[in-house]
Amino acid sequence: MKKLFSLCALAVLLAACDKPASAPSAKALAFQNTDLTGLAYARDFALTDHNGKPRTLADFKGKVVVVFFGFTQCPDVCPTTMAEMAAVMKELGPKADQVQVLFVTIDPARDTQALLAQYVPAFDPRFLGLYGDLDATARVAKEFKVFYARVDGKTPGSYSMDHSAASYVFDRNGKVRLFVRHGNGAGPIVHDIKQLLD
């Protein structure tokens, strides 16, 4: 009987020891996309929006911010990502007004302010296109660890751009929280943004 009591007591103690270890992992699993909380890069940018207004991350404090790098002549990844984010906004309903989607061009030579002003809001009028000169684009891509490279076509103006196909999500305080891979669908993004808004 004593032996049985000792075994039961040991089992209770071991279970109690397990609880603190499992609590943080349960919290980490709350997001369905990759959790980047505490990341030491993707801290800020200094670009111009498609209305001609200089922008930094601080301008959007109080909102959840989604940042995607692409270019307007992209045939597949960029328009599907933007369409996916438009679907996310619809699913969020009234909460979508607390979310800001930013499209950062990695092709400033062709993506003029006028072109961005036409392209980006076509997906959702609340979306903003951001651009800079070649140096500013290189700086922000380096800060966000975004890969991009020009791929020459048959004629000088027919080049394409290879680039990273993912988005960063920032919380209301301007801290990067999530890495969203292309093609995962709107559902996980909606789920995670709702958590950041609550």
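**The cavity and the sheet**

Guide: In this predicted model, the lining of the largest cavity is made up of 8 nonpolar, 3 polar and 2 charged residues.

Visitor: What makes a space count as a cavity here, and how many are there by this rule?

Guide: A cavity is a set of points where a 1.4 Å probe fits but cannot get out, and with a volume of 30 Å³ or more required, the count comes to 1 cavity. About 80 Å³ of space lies in the largest cavity, and among its 13 lining residues the closest to the centre are Thr81, Glu84, Ser167, Val180 and Ile189. The elements that each give two or more residues to this lining are E4, H2, E9 and strand E10 (176-181).

Visitor: Why are strands E1 and E3 said to stand at the edges of the sheet?

Guide: The open sheet has 8 strands in the order E1-E10-E9-E4-E5-E6-E2-E3, with mixed pairing. Strand E1 (34-35) and strand E3 (54-55) each have a single partner strand, so one side of each is left without a neighbour in the sheet.

Visitor: How do you know that E5 and E6 pair?

Guide: Two strands pair if there are at least two bridges between them, and strand E5 (residues 99-105) and strand E6 (residues 128-131) have 3 bridges, in the parallel sense. Leu102 stands opposite Leu128 in E6.

Visitor: Which strands does helix H2 touch as it packs on the sheet?

Guide: Helix H2 (residues 77-92) touches strand E4 (64-70), E5 and strand E9 (166-170), and the direction of H2 makes about 170° with that of E5.

Conventions:
Residues numbered from 1 in each chain as written. Predicted model: local features only at pLDDT ≥ 70, side-chain atom pairs only at ≥ 80, totals over all residues. Heavy atoms only, no water. Helix = DSSP H or I, 4+ residues; strand = E, 2+ residues; numbered from the N terminus. Contact = heavy atoms within 4.5 Å. Axes fitted to C-alpha atoms, helices over the stretch in contact; angles between N-to-C directions. 1 Å grid on protein atoms, 1.4 Å probe; cavity = no way out; pocket = protein on both sides within 12 Å on 5 of 7 lines; lining within 4 Å. Points joined across faces, edges and corners; volume = space filled by probe spheres on them. Nonpolar A, V, L, I, M, F, W, Y, C, P; charged D, E, K, R; others polar.
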